[in-house]
Amino acid sequence: MAIEDFEHDSLRCIRCSYCKWIPWENMRHPDFMQGCPSAARYHFHAYSSGGKFNMALSLMKGRIDYTDGYLDALYKCQMDGSCDVSCKATNDIEPLQLMQEMRIKCVEEGQGDPVHALTVEGLKKEDNMLQCLKADRGRWAEGLAVKDLTKEKAEVAFHAGCRYCFDEELRPTVRGGLNLLLSAGVDIGIMGQSEVCCGGRVYEMGYLGELIKYAEHNQETFKTAGVKILVTPCSDCYQSFKVLYDKIGRKLDMEVLHITEYLDRLIRQGKIELTRKVPLTVTYHDPCHLGRLAEPWIHWKGKEVKVLSQVICHEPPKKYRRGANGVYDIPREILKRIPGLRLVEMYRTRESAWCCGSGGGVKEAFPDFAIWTGAERLKEAKAVGAKAIVSACPWCTRNFLDTASETGEKIEVYDLIDLVQKAV
């Protein structure tokens, strides 16, 4: 697609600014009603998705050209999809897809963010998003009795993801997650040094070609390995494998599960028992890529038609992704099963959750904005009485840890895997 495919959406945007807030029916506290970190931080309409419709339409009509201000507004966005959920509560238009196409167009025309360009150079060289050596990718699993899928067969493939492979502070979490599956008797293997990036984060930066390249590579790799189930502890990878690959016509021919979904299955089968008390009051943060952005992709082919030369409709009727069908209940059900643990909810949850701050290339290019966004979430966690914030994505965990360190906020940060380990 291209931004020209969203010209009608740009015209149909009524500039109501609803995209800056969570849907009114989900508003529970006056201090926590905003949904768009960009608009909340920079206080200018261009930083909202409504502003992006203005920008895209003006660019299409030749009224404006690329400027520093245009690019600043476009790239200071986590691409978290909160605006998309709120917009579709009142209008059936596609702000998130438009913003994605705007970034793709910028990259194609040499207007990509320079920090993102450096990240992509490293990705092309080492196949990961952290500028680390490809040769070190499998080190996180050293000493674990897990199968090597490049040499032997297994029913389940465990894809750690770039962040977990190279972030040494988070290494106990990913090792613990794999150990839980091994202890439950799962026939599981890893690609080790041969594992590569999913391509999802670089796609959000505007690099469509890289997503296609890694989708094709991973599709062939997993097919050759003969695995039936693909499990990942990374929400970004999960969304890429399950949603983005399907979006670009590279759907994986296997069951794709986030580790929380697989842990829940094993717990229900009695293969993992949560018996030890964890006396802690926690709140759960919905990762964008496990929540609203993980909703299955909906393919539609048709055309726009005008009824009575006025109202634009779709023929056949178009179904929309509204963020409600992500993975929301399972992580909470696991937490509720842990003895002694008390779960309290924040004011913005599920499809209306506030972003952790690290998505869309913001963590890489605008770390101060990522920290500001994370700090807003930690404030919300403490406002509901939580002593710890729990997520199910290493990028969320990383940014919350960085935020707590830089701001001095006194709150513990966990991945859900960490608490399951404590309870086993």
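Helix 4 and helix 6 cross in a left-handed manner, in a model that is predicted.

Q: What makes helix 4 oblique to helix 6?
A: The two helices pack at an angle of about 130°, with their axes 11 Å apart. Angles over 145 degrees would count as roughly antiparallel and those from 65 to 115 as roughly perpendicular, with the rest counted as oblique, and helix 4 is therefore oblique to helix 6.

Q: Which residues of helix 4 and helix 6 meet, and how do they divide by class?
A: From helix 4 come Y70, L71, L74 and Y75, which meet M99, M102, R103, C106 and V107 of helix 6. By class, the residues of this contact are eight nonpolar, no polar and one charged.

Q: Why does R103 count as buried?
A: R103, which lies in helix 6, has a relative accessibility of 0%. Buried means under 20% relative accessible area, so R103 falls in that class.

Q: What does R103 touch, leaving aside residues up to four places away in sequence?
A: R103 touches L74, Y75, C77, M79, E204, M205, G206 and G360. As for K20, R103 is 83 residues from it in sequence and 20 Å from it in space, taken from C-alpha to C-alpha.

Q: Why are helix 14 and helix 18 described as roughly parallel?
A: The angle at which helix 14 (residues 329-337) packs with helix 18 (residues 416-423) is about 30°, and their axes lie 10 Å apart. Angles under 35 degrees count as roughly parallel, and the two helices are therefore roughly parallel to each other. The crossing of helix 14 with helix 18 is left-handed. P331, I334 and L335 of helix 14 make the contact together with L416, L419 and V420 of helix 18, and by class the contact has six nonpolar, no polar and no charged residues.

Q: How do you know that F32 and Y347 form a stacked aromatic pair?
A: The structure holds nine aromatic pairs. In that of F32 and Y347, the rings are 5.5 Å apart from centre to centre, with 10° between the planes.

Q: Why can the pair of F32 and Y347 be said to tie together parts that are apart in sequence?
A: F32 lies in the loop between helix 1 (7-12) and helix 2 (37-42), whereas Y347 lies in the loop between strand 9 (341-344) and helix 15 (362-365), so the pair ties together parts that are 315 residues apart in sequence. Both F32 and Y347 are buried.

Key. Residues numbered from 1 in each chain as written. Predicted model: local features only at pLDDT ≥ 70, side-chain atom pairs only at ≥ 80, totals over all residues. Heavy atoms only, no water. Axes fitted to C-alpha atoms, helices over the stretch in contact; angles between N-to-C directions. Helix = DSSP H or I, 4+ residues; strand = E, 2+ residues; numbered from the N terminus. Left-handed = near helix turned anticlockwise from the far one by under 90°. Contact = heavy atoms within 4.5 Å. Nonpolar A, V, L, I, M, F, W, Y, C, P; charged D, E, K, R; others polar. Phe/Tyr/Trp six-rings, centres within 6.5 Å; stacked < 30°, edge-to-face > 60°. Buried < 20%, exposed > 50% of the residue type's maximum accessible area, 1.4 Å probe, protein only.
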